[in-house]
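These are my notebook entries on one model. I record what I looked up, with the criteria applied.

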Amino acid sequence: MGTFSSFFDSQSRSQWNYNTLKNFRQISPIVQTHLKKVYMTLCFALVASAFGAYLHIIWNIGGYLTTFACFGAIIWLHSTPPCQEQKRVSLLMASAVFEGASIGPLIDLAIQIDPSVLVAAFVGTALAFACFSGAAMLARRREYLYLGGLLSSGVSMLLWLHFASSIFGGSTALFKMEIYLGLLVFVGYMVVDTQDIIEKAHLGDLDYVKHALTLFTDFVAVFVRILIIMLKNSAEKGERKKKKRSD
């Protein structure tokens, strides 16, 4: 909370207005062009992921096989040199399709329970992504990069929680802790990864495919957790309504 309050305090002291919103002087024109390519590629990856989820709804292909295929495509992408641009973009789209098929069962469940929840989860994720990425761009360079170590500790905690729940059995409290902590961690990664991409671009790393993959991973991780939370809340509301009717 202190980080966010210091950010808004610093912006208010520098006369926050619409001109401030358009002020990207800390981001060079080359980096701005790079960011446009990154976000455009991210949009195409999200469309490919939606297509993968649609394929699961039609043919029920999502599962461990598509998950392993997604990891394989990502590893192949990282091992392909940046000069092979078309191949790397194709691998990114393939990994996005496999990722969409992997989360297809969750999306299919959301459609069966309440399709509006799916739309609300996507819109909520998109708004969170836009807000936190925008905050990272408007902040001073490297201001939030120090959070990377803290977020890595959060990921480690998530792995231990998942390991504990798989061995000792998952309780409702443990599940909620895992979901909400994961949401907090990956929202933080939206900020850190955006500033990391900007900093790397300033240093000459203009690999927009790899950077789009990083943001795509953050987006999907946040979307899945928001969708699970909203589905759980919707199910609880449905149970309460049934109890009221029976009473």
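I looked up Arg88 and found it buried, because its relative accessible area is 3%; buried means under 20%, exposed over 50%, and partly exposed in between (1.4 Å probe, protein chains only). Areas come from the Shrake-Rupley method with a 1.4 Å probe, and for residues only the protein chains shown count as cover. Arg88 forms a salt bridge with Asp207, with 2.6 Å between the closest N and O atoms. This pair links distant parts of the chain, since Arg88 is in helix H5 and Asp207 in the loop between H9 and H10, 119 residues apart. Asp207 also counts as buried, at 11% relative accessibility.

I note that this is a predicted model, in which local features need pLDDT of at least 70 and side-chain atom pairs count only at pLDDT 80 or more, while totals for chains, interfaces and linings use all residues. Residues are numbered from 1 along each chain as its sequence is written, and side-chain values use heavy atoms, with hydrogens and water left out.

I then listed salt bridges, taking a side-chain nitrogen of Lys or Arg within 4 Å of a carboxyl oxygen of Asp or Glu as the criterion. The structure holds four. One of them joins Asp196 and Lys200 at 3.3 Å, N to O. Both residues lie in helix H9, four residues apart, about one turn of the helix. Asp196 is partly exposed at 26%, and Lys200 is partly exposed at 31%. Another salt bridge pairs Lys210 with Asp205, the closest N and O atoms being 3.5 Å apart. Lys210 is partly exposed, with a relative accessible area of 24%, and Asp205 counts as partly exposed at 24%.

For the fold I took helices (H or I, at least four residues) and strands (E, at least two) as DSSP runs, numbered from the N terminus. The protein chain has 10 helices and zero strands. Of its 247 residues, 41% count as buried.

Next I examined the largest pocket, whose space is about 1000 Å³. Of the 25 residues that line this pocket, Glu99, Ile103, Ala221, Val224 and Arg225 are the closest to its centre. On a 1 Å grid over the protein atoms alone, a pocket is an open set of points where a 1.4 Å probe fits, with protein on both sides within 12 Å along at least five of seven lines; lining residues have an atom within 4 Å of a point. Grid points are joined across faces, edges and corners, and the volume is the space filled by probe spheres set on them. Helix H10 gives the most to the lining, with eight residues. The lining divides into 17 nonpolar, five polar and three charged residues; Ala, Val, Leu, Ile, Met, Phe, Trp, Tyr, Cys and Pro count as nonpolar, Asp, Glu, Lys and Arg as charged, and the others, Gly among them, as polar.

I also checked Phe122 against Val224: they are 102 residues apart in sequence and 9.1 Å apart in space, C-alpha to C-alpha. Phe122 lies in helix H7 and counts as partly exposed at 41%.

Phe51, Tyr54, Ile58, Trp59 and Ile61 make a nonpolar patch of about 560 Å². Patch residues have over 30% relative accessible area and no salt bridge, with like charges joined within 9 Å and nonpolar side chains (Val, Leu, Ile, Met, Phe, Trp, Tyr) within 5 Å. Tyr54 is in helix H3 and is partly exposed at 47%. Asn60, in the loop between H3 and H4, has a positive phi near 55° and is exposed at 58%.
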